Amino acid sequence: MEETEATEVAPALIAVHPHRSSVVVAVGYDLRVFDLLAGVGVTLLDDSSSSSSSSSSSSHKDSIRAIRFSANGKLFVSAGDDKTLKIWSPISWRCIFTLSSEKRISAVAISNDESYVCFADKFGVVWVVDITGFDANQPLLYKKPTPLLSHYCSIITSLEFSPDDRFILSADRDFKIRVTNFPKKPLNGAHEIQSFCLGHTEFVSCLAFFQAQECQQHLLSGSGDSTVQLWDVSSGALLDTCEVANKAGLLESNGNGKSEEHGHAVTDLCTTLDGLLVAVAIQSLQGIALLSCNVSAQTLTLAKVVSFDGEAFVPTCLGYASSARELWIVTGVSSLPGGSHPSFARVRVISGIDIEQKAVVVEDDKIPGGEKLLETLQGTASVDENAFLAAAEAVKTAMCNLLIKKHYPSESRESRKKTRNDRKLKQ
Amino acid sequence: MSETGVKSTFSKSTGLPRKRFYRARAHSNPLSDSHFPVPISPSHVDYSIHFPQIFPDSSKKIQFADVGCGFGGLLISLATLFPETLMVGMELRDKVSEYVKERILSLRVANPGQYQNVSVVRTNSMKYIPNYFEKGQLSKMFFLFPDPHFKEKNHRRRVISPFLLDEYAYVLGVGGIIYTITDVEELGDWMKSCLENHPMFEALTEKELEADPVVKLLSCATEEGQKVARNEGQTFQAVYRRIVPTEQTS
């Protein structure tokens, strides 16, 4: 049986400010911010984190599972396994709001009008906090979150507002994507379900919308079944499926006996160029798959695989800077098993994202922000080559343990029943 | 089990399966991960398996769902009351759903032409309702004598809950009716308050309740209901209609 420790590692996350003023990487409980305009690392200011906590100066006490900037870049949110959600001002990088959840937080979303922050916990409940009229220079008055909707006891893996804020979408490990009308008064709950997008045959790991005005009805989803699917949100109709892992040649190359059923899960998606190109991160793909999307013809096709020469770089999270047409990519893990590195992160940038596909991997000496950026976001300017595979493996195992249903043989099922927690109490 | 052993699970006089061979624990954990097959989407539900006499020639859709159908008493009564309507029972306990399946098959044999419109699936309806039914597909949903889950810690296991009602409202068409009944007063109050407070449901009036032939079946058609009646127990019902929410239409 897997040890629980293995399930506790978290992948590294990245977020790029919509105006490309800063880049944030989250590794474990560590939130690392680099100011691209000033070219310096940023020290976070958090008055709420009590000095009594001995462990570290960091704001979060356990792995961060979700980070994101709001659409206009006026807010930044981080949340995770420490059951804490924090809202930051991306100007002062001061924490203006801290909230405690009853359960671990698995996903966050901010409405595009920056009025509501939603977060999902590991029991499948989505909560909403009204932040209307916030002032980034002032701490927000504490408001209790109210439950908005719920997936029946399923981990919610991704939460997303439609670009027009009409819908809130939630994806779970039970293969479902639920599209719910986001009401005018969300504090009374969101009861009207618009559709369910059903077609994945494994957990849904990520969702992404197109930003272009004419295709805001369309949604992309990535899944543990190694596919990316294109949906019509209001009807829930499946428009196209791209078997990315298959197309990128991952399935064939795996012919050396070891058939890994869940080795090619799609881990992240990022729409670029208003959705003409979609960047996809897949477990075990040492690079990025670029899909070209034709919304009018409703097709998704693999355009190109960009790989990182000389590095076994398997991305865990993607971010897009539209102004510079850069794709920011991170790989990493909160802790490496048995290694000397407590955590590991590696940041890369692909520039020249355009339809002609002249995408180039930026070398470390040319990276925006230079060595300082790498030092801030990675922890060190140079990385240990050996850590890559160990990190990728740890992330893969953790994701499988978390999101794939466990099959117990009938013999062990009986012994598991005998050791149930409620039985233990009686003895 | 040998051939004869299998045969003897059927009663010699009626040809129906005998319940004593399909006993199961009264409770099943709806939170546990399930490993039975689940259709990817409603369009993947194979109607010709469930209704072999009607499909593939028909384009009808299932309109009634009995959630937690138990041994299927209500379904059997409804099947003849609404012979043109397709209906399905959903039951989480494997053995019990097997019983209902055998019961329907024997009834079909004993009454040619009848009971072709009724079937059963083994599933966790709390998790997989959207996998079986499209938006607005159902016109009636039944929740008869559900597990009361008394402990507050276990309230989230109740089949009627504020959040699950969102999903029931999704699969019910406007005007569709949700029927609930229980012999546990506490649960009766709970189900009623959940429905009362939900913006997409309104209570049926006394008059409508009297005019509805199905309401009478709630307390007498099911095995559980008959047991309550034998013990002269009280029942608590709540019958609500799916409506268009007033303030939220955007």
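Chain B contains ten helices and seven strands, where helices (H or I, at least four residues) and strands (E, at least two) are DSSP runs numbered from the N terminus. The radius of gyration of chain B, taken over C-alpha atoms, is 18 Å, close to the 18 Å given for 250 residues by the globule rule, so chain B is as compact as a globular protein of that length; the globule rule is 2.2 Å times the number of residues to the power 0.38. The structure is a predicted model, in which local features need pLDDT of at least 70 and side-chain atom pairs count only at pLDDT 80 or more, while totals for chains, interfaces and linings use all residues. Residues are numbered from 1 along each chain as its sequence is written, and chains are lettered from A and ligands numbered from 1 in the order in which they are written.

Along the principal axes, the C-alpha atoms of chain B fill a box of roughly 60 × 45 × 40 Å. Of its 250 residues, 39% count as buried, a residue being buried if 20 or more other C-beta atoms, placed from the backbone, lie within 10 Å of its own. Among contacts in chain B between residues at least 6 apart in sequence, 76% join residues at least 24 apart, two residues being in contact if their C-beta atoms, placed from the backbone, lie within 7 Å.

Between the chains, 22 residues of chain B are in contact with 20 residues of chain A. On the side of chain B that touches chain A, α5 (125-132) and α6 (162-171) of chain B each supply at least two residues, and α6(B) gives the most, with six residues. This side of chain B comprises eleven nonpolar, six polar and five charged residues; Ala, Val, Leu, Ile, Met, Phe, Trp, Tyr, Cys and Pro count as nonpolar, Asp, Glu, Lys and Arg as charged, and the others, Gly among them, as polar.

For chain A, the domain assignment, which is automatic or from a database, gives domain 1 (44-48 + 57-198) and domain 2 (203-254 + 261-407). The C-alpha centres of these two domains of chain A lie 22 Å apart, and 21 residues of domain 1 are in contact with 18 residues of domain 2. On the side of domain 1 that touches domain 2, β13 (156-161), β14 (167-172), β15 (176-181) and β16 (193-198) of chain A each supply at least two residues.

Technical notes: Buried ≥ 20, exposed ≤ 12 C-beta atoms within 10 Å, placed from the backbone.
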